Amino acid sequence: SGNQLFGVPGPKPTLADVPYGEHERQVLDFYQATSPEPTPVAFFIHGGGWGALDKQNVHKMLDVPKLLTNGISVAAINYRYVQQAKAAAIEPPVKWPLRDAARALQFLRSKAGDWNIDKQRIGANGGSAGACSSLWLALHDDMAQPNSPDPIDRESTRLCCAAVVGAQTCLDPKFMRE
């Protein structure tokens with residue numbers, strides 16, 4: 001199958017297709033490491049130009065069994081694509097996949113007690129568009145809204161680290177042309 005790392009099939013998630021928003025693509029898979037203490041989390045954002053692929057690519061990018069064996073849980077997200085944002089007249093269209101990554105991270109933190117997660121040790125990773133989204137989260141000011149009526153919005157969007165492959169390092173077309 002194409003859902004493999006080094007020829008080894010990836011494990012099934014502990015929790016699959018958990019919604020973190022209203023849209024059908026706003027779902028995540030969670031692979032829970034067994035630990036008496038809250039675990040760090042590898043937060044995977046798939047690539048595909050914000051318009052292709054999905055969270056199953058986690059098994060091509062990360063050695064999920066090794067992470068789990070070493071006490072690191074894994075979350076892999078889907079997000080709304082730029083073409084869906086364009087159809088909804090969102091400007092710039094990349095806003096949806098980026099904001100979805102932030103919302104999924106906040107949702108994950110909101111589940112810390114239930115899923116045995118250490119909120120302070122969440123690192124993002126991905127390739128290409130997922131790498132760019134990871135860096136965007138890592139370098140963006142915290143988007144938590146402490147006074148929001150939505151408890152998920154109150155959670156931090158800060159990461160402890162980002163480990164990425166093939167990231168776009170700029171999203172400003174004017175700057176890129178210059």
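**Exercise 1. An exposed charged pair**

Lysine 174 is exposed, at a relative accessible area of 53%. Which residue forms a salt bridge with lysine 174 in this predicted model, and how far apart are the closest N and O atoms?

*Solution.* 
Step 1. The partner is glutamate 178, and the closest N and O atoms are 3.2 Å apart.
Step 2. Glutamate 178 has a relative accessible area of 71% and is exposed.
Step 3. The cut-off for the exposed class is over 50%, and the 53% of lysine 174 puts this residue in that class.
Step 4. As background, side chains of opposite charge can pair when their charged atoms come close.
Step 5. The salt bridges of the structure number eight.

**Exercise 2. Aspartate 29 and lysine 55**

State where aspartate 29 and lysine 55 lie, and decide whether they are buried or exposed.

*Solution.* 
Step 1. The two side chains form a salt bridge, with an N to O distance of 3.0 Å.
Step 2. Aspartate 29 belongs to strand S4 (residues 27–31), while lysine 55 sits in the loop between strand S5 (39–45) and H1; the pair therefore ties together parts 26 residues apart in sequence.
Step 3. Aspartate 29 and lysine 55 are both buried.
Step 4. The pair belongs to a network of salt bridges that links Asp17, Asp29 and Lys55.
Step 5. Leaving out residues up to four places away in sequence, proline 19 touches Gln26, Val27 and Phe107.

**Exercise 3. The surroundings of arginine 80**

Find the salt-bridge partner of arginine 80, and list the residues that arginine 80 touches, not counting those up to four places away in sequence.

*Solution.* 
Step 1. The partner is aspartate 100, with 2.6 Å between the closest N and O atoms.
Step 2. The cut-off for burial is under 20% relative accessible area. Aspartate 100, at 1%, is buried, and arginine 80, at 14%, also counts as buried.
Step 3. The residues touched by arginine 80 are His23, Arg25, Gln26, Trp96, Pro97 and Asp100.

**Exercise 4. Helices H4 and H6**

Describe how H4 and H6 cross, and say which residues make the contact.

*Solution.* 
Step 1. The axes of helix H4 (residues 95–110) and helix H6 (residues 129–139) come within 10 Å, crossing at roughly 65°.
Step 2. This crossing is right-handed.
Step 3. H4 contributes Leu98, Arg99, Ala101, Ala102 and Leu105, and H6 contributes Ser133, Trp136 and Leu137.
Step 4. Sorted by class, the contact holds six nonpolar residues, one polar and one charged.
Step 5. An α-helix has 3.6 residues a turn, so residues three or four places apart point the same way.

**Exercise 5. Burial of H6**

How many of the eleven residues of H6 are buried, and against which elements do the buried residues pack?

*Solution.* 
Step 1. Eight of the eleven are buried, so H6 is largely enclosed by the rest of the structure.
Step 2. The buried residues are Ala129, Gly130, Ala131, Cys132, Ser133, Ser134, Trp136 and Leu137.
Step 3. They pack against S5, H4, strand S7 (117–127) and strand S8 (161–165).

**Exercise 6. Two residues compared with tyrosine 31**

Relate histidine 59 and alanine 42 to tyrosine 31.

*Solution.* 
Step 1. Histidine 59 lies in helix H1 (residues 58–61) and counts as buried, with 2% relative accessibility.
Step 2. The side chains of histidine 59 and tyrosine 31 are joined by a polar contact of 3.1 Å.
Step 3. Alanine 42 is part of strand S5 and is buried at a relative accessible area of 9%.
Step 4. From alanine 42 to tyrosine 31 the C-alpha to C-alpha distance is 9.7 Å, and the two are eleven residues apart in sequence.
Step 5. With residues up to four places away in sequence left out, alanine 42 touches Leu62, Leu67, Ile72, Ser73, Val74, Ala75, Gly123 and Asn125.

Conventions:
Residues are numbered from 1 along each chain as its sequence is written. This is a predicted model: local features need pLDDT of at least 70, side-chain atom pairs count only at pLDDT 80 or more; totals for chains, interfaces and linings use all residues. Side-chain values use heavy atoms; hydrogens and water are left out. Helices (H or I, at least four residues) and strands (E, at least two) are DSSP runs, numbered from the N terminus. Buried means under 20% relative accessible area, exposed over 50%, partly exposed in between (1.4 Å probe, protein chains only). A polar contact is a pair of N or O atoms within 3.5 Å; within protein, one must be able to donate a hydrogen and the other to accept it, and residues adjacent in sequence count only if both atoms are side-chain atoms. Axes are lines fitted to C-alpha atoms, for helices over the stretch in contact, and angles run from 0 to 180 degrees between N-to-C directions. A crossing is left-handed if the near helix is turned anticlockwise from the far one by less than a right angle, and right-handed if clockwise. Contact means heavy atoms within 4.5 Å. Ala, Val, Leu, Ile, Met, Phe, Trp, Tyr, Cys and Pro count as nonpolar, Asp, Glu, Lys and Arg as charged, and the others, Gly among them, as polar. A salt bridge is a side-chain nitrogen of Lys or Arg within 4 Å of a carboxyl oxygen of Asp or Glu.
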